[in-house]
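Me: I would like to go through a structure feature by feature. Please give the general idea each time, then the case at hand.

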Amino acid sequence: MWANIDGERYALNGTAQTHKDFPPLPRNLWRDDPEIPGAKVSLYPLIRAGLRLC
């Protein structure tokens, strides 16, 4: 699964990360988890919504 942000495609899961065409999602675009210091929020809801479109 990948995300298209401002015309750039970023890998969201391990499968997409195996393709060299998709860089990983930059940490500055990935929201911090307010409940776990130093962690990022789960991308699962975004991936799940994308999979429903397939």
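Reply: Lys40 sits in the loop between α1 (14-17) and α2 (44-52). This is a predicted model, in which local features need pLDDT of at least 70 and side-chain atom pairs count only at pLDDT 80 or more, while totals for chains, interfaces and linings use all residues. Residues are numbered from 1 along each chain as its sequence is written, and side-chain values use heavy atoms, with hydrogens and water left out.

Me: Is Lys40 buried or exposed?

Reply: Buried means under 20% relative accessible area, exposed over 50%, and partly exposed in between (1.4 Å probe, protein chains only). Lys40 counts as buried because its relative accessible area is 19%. Of the 54 residues of the chain, 24% are buried.

Me: Which residues does Lys40 touch, and which backbone oxygen atoms lie by a polar atom of its side chain?

Reply: A contact means heavy atoms within 4.5 Å. Not counting residues up to four places away in sequence, Lys40 touches Arg27, Trp30, Arg31, Asp32 and Asp33. A polar atom of the Lys40 side chain lies 3.1 Å from the backbone oxygen of Arg27. For the backbone oxygen of Trp30, the distance to a polar atom of that side chain is 3.0 Å.

Me: Turning to strand β2, how do I read Ala11 and Arg9?

Reply: Start with accessibility, then look at the partners. Ala11 lies in strand β2 (residues 8-11) and is buried because its relative accessibility is 2%. Leaving out residues up to four places away in sequence, Ala11 touches Met1, Trp2, Ala16, Gln17, Phe22, Pro23, Pro24 and Leu25. Arg9 is also placed in strand β2, but it is partly exposed, with a relative accessible area of 40%. Beyond four places in sequence, the contacts of Arg9 are Trp2, Ala3, Asn4, Phe22 and Pro23.

Me: What is a nonpolar core, and which residues form the largest one here?

Reply: In soluble globular proteins, nonpolar side chains tend to be buried together. A nonpolar core is a set of buried Ala, Val, Leu, Ile, Met, Phe, Trp, Tyr and Cys residues joined through side-chain atoms within 4.5 Å. The largest in this model has six residues: Ala3, Tyr10, Leu12, Leu25, Leu43 and Ile47. With neighbours within four places in sequence set aside, Tyr10 has contacts that include Ala3, Phe22, Leu25 and Leu29.

How values were computed
Helix = DSSP H or I, 4+ residues; strand = E, 2+ residues; numbered from the N terminus. Polar contact = N/O pair within 3.5 Å; in protein donor to acceptor, adjacent residues only side chain to side chain.
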